[in-house]
Amino acid sequence: MECSELIQAINKFWRKFLQCGERTSFEFNDMVNNKEYENIVEEIRDVEIMLV
């Protein structure tokens, strides 16, 4: 369950922020302040908790 939520978060980030791979350059600060990026971080934490 947690892994599927992580995959969904990555896909949303990929589609919105990286424009499905068409965007080749970006500023790190733009990425960090992005809601979708924060969701990825949260889902990674959830997966780590489930692994312990």
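1. Surface first. The protein exposes about 4,200 Å², and carbon and sulfur atoms supply 54% of that area. Accessible areas come from the Shrake-Rupley method with a 1.4 Å probe; for residues, only the protein chains shown count as cover.

2. Basis of the note. This is a predicted model, in which local features need pLDDT of at least 70 and side-chain atom pairs count only at pLDDT 80 or more, while totals for chains, interfaces and linings use all residues. Residues are numbered from 1 along each chain as its sequence is written, and side-chain values use heavy atoms, with hydrogens and water left out.

3. Overall make-up. The protein has three helices and zero strands. The order from the N terminus is α-α-α. Helices (H or I, at least four residues) and strands (E, at least two) are DSSP runs, numbered from the N terminus. Along the principal axes, the C-alpha atoms fill a box of roughly 35 × 20 × 15 Å.

4. Of the 52 residues, 21% count as buried. Buried means under 20% relative accessible area, exposed over 50%, and partly exposed in between (1.4 Å probe, protein chains only). Among contacts with a separation of 6 or more, 53% come from residues 24 or more positions apart. Contact means heavy atoms within 4.5 Å.

5. The α1/α3 pair. Helix α1 (residues 2-16) packs on helix α3 (residues 35-51) at an angle of about 160°, with axes 9 Å apart. That makes α1 roughly antiparallel to α3. Axes are lines fitted to C-alpha atoms, for helices over the stretch in contact, and angles run from 0 to 180 degrees between N-to-C directions. Under 35 degrees counts as roughly parallel, over 145 as roughly antiparallel, 65 to 115 as roughly perpendicular and the rest as oblique.

6. Who makes the contact. From α1 come E2, C3, E5, L6, A9, I10, K12, F13 and K16. From α3 come E36, Y37, N39, I40, E43, I44, D46, V47 and M50. By class, this contact has 10 nonpolar, one polar and seven charged residues. Ala, Val, Leu, Ile, Met, Phe, Trp, Tyr, Cys and Pro count as nonpolar, Asp, Glu, Lys and Arg as charged, and the others, Gly among them, as polar.

7. A9, on α1. A9 is in helix α1. A9 counts as buried because its relative accessibility is 3%. Leaving out residues up to four places away in sequence, A9 touches N39, I40 and E43.

8. E36, on α3. E36 lies in helix α3. E36 counts as buried because its relative accessibility is 12%. Leaving out residues up to four places away in sequence, E36 touches K12, F13 and K16.
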